[in-house]
Amino acid sequence: MSRDLIVIGASWGGLDALRRLLASVPDELDVPIAIAQHRSPDSPERGLESILQRWISRPVRDVADKDPIERSHVYVAPPDYHLLVDRGRFALSTDARVRYARPSIDVLFESAADAYGEGVIGVVLTGSNDDGAAGLRRIVARGGVAIVQDPDTAERRELPDAALAATRATVLALDEIGPYLATVCFAESRA
């Protein structure tokens, strides 16, 4: 089984968690990564992109509507847009906020699950609400892999706790997630 996409959701405390997680993903792991990080609608465009790019070697970019999904890239939902996954490309939406958030983690996760089914790995990181729990449940229902940051290692545990209440998942300390992603992807590509 090859993996088509890794989706990551984070809220409060997410910037540091994303930095640490992305820095620990081996360069040879070429599965594309898409991120929904809760942030203010007034956040500067390409702000998160430029911050993350300082920490990792793979290309990072804010998504533009209809961008193709390319291997070895990291994609970031732009401020005040929902990021959706269609097979092979992204779409952006200004639909209503979900659980007070745009971008919504649930929107990204649910659309990825619908597009790629068992080819998706969903990762829930630190956060202060439950946006992402329903989306992670959909990923598992479609045969994908669910990973949740250990709530005891999260800056805010509400999101990881909600995800664990919603579905079964592998629970890992933040610094264990990147190596685990590589193990899952490489082991399955050899099978």
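Tutor: The axes of helix α3 (residues 105–116) and helix α4 (residues 133–141) come within 7 Å and cross at roughly 10 degrees. This is a predicted model: local features need pLDDT of at least 70, side-chain atom pairs count only at pLDDT 80 or more, and totals for chains, interfaces and linings use all residues. Residues are numbered from 1 along each chain as its sequence is written, and side-chain values use heavy atoms, with hydrogens and water left out.

Student: Why is α3 called roughly parallel to α4?
Tutor: The axes cross at roughly 10 degrees. Angles under 35 degrees count as roughly parallel, over 145 as roughly antiparallel, 65 to 115 as roughly perpendicular and the rest as oblique. Therefore α3 is roughly parallel to α4. Axes here are lines fitted to C-alpha atoms, for helices over the stretch in contact, and angles run from 0 to 180 degrees between N-to-C directions.

Student: Which residues make the contact of α3 with α4?
Tutor: From α3 they are D106, F109, E110, A113 and D114, and from α4 they are A133, A134, G135, L136, R138 and I139. Contact means heavy atoms within 4.5 Å.

Student: How do the residues of this contact divide into nonpolar, polar and charged?
Tutor: Ala, Val, Leu, Ile, Met, Phe, Trp, Tyr, Cys and Pro count as nonpolar, Asp, Glu, Lys and Arg as charged, and the others, Gly among them, as polar. For α3 with α4 that gives six nonpolar, one polar and four charged.

Student: What makes α4 and α5 oblique to each other?
Tutor: The axes of α4 and helix α5 (residues 158–166) cross at roughly 40 degrees and come within 8 Å. With that angle, α4 and α5 are therefore oblique to each other. Their contact is made by A133, L136 and R137 of α4 and L159, A162, A163 and A166 of α5. These divide into six nonpolar, no polar and one charged.

Student: What is the strand order in the open sheet?
Tutor: The seven strands have the order β3-β4-β2-β1-β7-β8-β9, with parallel pairing. Two strands pair if DSSP finds at least two bridges between them. Three bridges join β2 (residues 33–37) to β4 (residues 74–76), and I35 stands opposite V76 in β4.

Student: Which are the edge strands?
Tutor: They are β3 (60–62) and β9 (170–172), since each pairs on one side only. Helices (H or I, at least four residues) and strands (E, at least two) are DSSP runs, numbered from the N terminus.
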